[in-house]
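Visitor: I am new to this structure. Could you walk me through how to read it?

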Amino acid sequence: MVALFLKCLLGAAAVLLIALLSKSKSFFIAGLVPLFPTFALIAHYIVGVERTMEELRTTALFGLYSLIPYAAYLIAVYYLSYRFSLTWTLSLATVTWLCCAFVLLLGWMKLNPVMA
């Protein structure tokens, strides 16, 4: 139960930091905070404890590939923001992320059927 509370605390701290940075002169740094590996650290620790080191390496490799949907999301936000409102921009960018993540998962499971 304490571990769950600490995980929630980390998430809340990240949201607070993003909110504070978005109001500062260096507002763009708020875009860097979600990339701090808070949740990756938690995931890698859990996988490292419960699985083998090979499976930890596989998890890290998949994490690298997961940057593709995130990059697609950021590209969509950038370009869609010229044409659409904030709500539409973020909604369509999220759909872009979901589509890319779906394709990534399908491709990963097809190329690594033992891992699926």
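Guide: Start with contacts along the chain. This is a predicted model. In the protein, 43% of the contacts with a separation of 6 or more join residues 24 or more positions apart.

Visitor: How many helices and strands does the protein have?

Guide: It has five helices and zero strands. Read from the N terminus on, the elements run α-α-α-α-α.

Visitor: What radius of gyration does the protein have, and what would a compact globule of 116 residues have?

Guide: The protein has 17 Å, whereas a compact globule of 116 residues would have a value near 13 Å. Along the principal axes, the C-alpha atoms fill a box of roughly 45 × 35 × 20 Å. Buried residues make up 16% of the 116 residues.

Visitor: How do I read two packed helices?

Guide: Two packed helices are described by the angle between their axes and the distance between the axes. Here, take helix α3, residues 53–65, and helix α4, residues 67–80. They pack at an angle of about 20°, and their axes are 4 Å apart. Angles under 35 degrees count as roughly parallel, so α3 is roughly parallel to α4.

Visitor: Which residues of α3 and α4 meet?

Guide: From α3 come G63, L64 and Y65. From α4 come L67, I68 and P69. Sorted by class, this contact has five nonpolar residues, one polar residue and no charged residues.

Visitor: And how do I read aromatic rings?

Guide: A pair of aromatic rings is described by the distance of the centres and the angle of the planes. Searching the whole structure gives six aromatic pairs. One of them joins Y78 and Y79. Their centres are 5.0 Å apart, with 90° between the planes, and the pair is edge-to-face.

Visitor: Why is the pair of Y78 and Y82 edge-to-face?

Guide: Look at the planes. Those of Y78 and Y82 stand at 85°, and the ring centres are 5.6 Å apart. Planes over 60 degrees apart count as edge-to-face, so this pair is edge-to-face.

Visitor: Are these tyrosines, Y79 and Y82, buried or exposed?

Guide: The cut-off for exposed is over 50% relative accessible area. Y79 has 53%, so Y79 counts as exposed. Y82 has 62%, so Y82 is exposed as well. Y78 has 46%, so Y78 is partly exposed.

Visitor: Which residues do ring pairs link into a cluster?

Guide: F62, Y65 and W108.

Methods:
Residues numbered from 1 in each chain as written. Predicted model: local features only at pLDDT ≥ 70, side-chain atom pairs only at ≥ 80, totals over all residues. Heavy atoms only, no water. Phe/Tyr/Trp six-rings, centres within 6.5 Å; stacked < 30°, edge-to-face > 60°. Buried < 20%, exposed > 50% of the residue type's maximum accessible area, 1.4 Å probe, protein only. Axes fitted to C-alpha atoms, helices over the stretch in contact; angles between N-to-C directions. Helix = DSSP H or I, 4+ residues; strand = E, 2+ residues; numbered from the N terminus. Parallel < 35°, antiparallel > 145°, perpendicular 65-115°, else oblique. Contact = heavy atoms within 4.5 Å. Nonpolar A, V, L, I, M, F, W, Y, C, P; charged D, E, K, R; others polar. Rg over C-alpha atoms; globule rule 2.2 N^0.38 Å.
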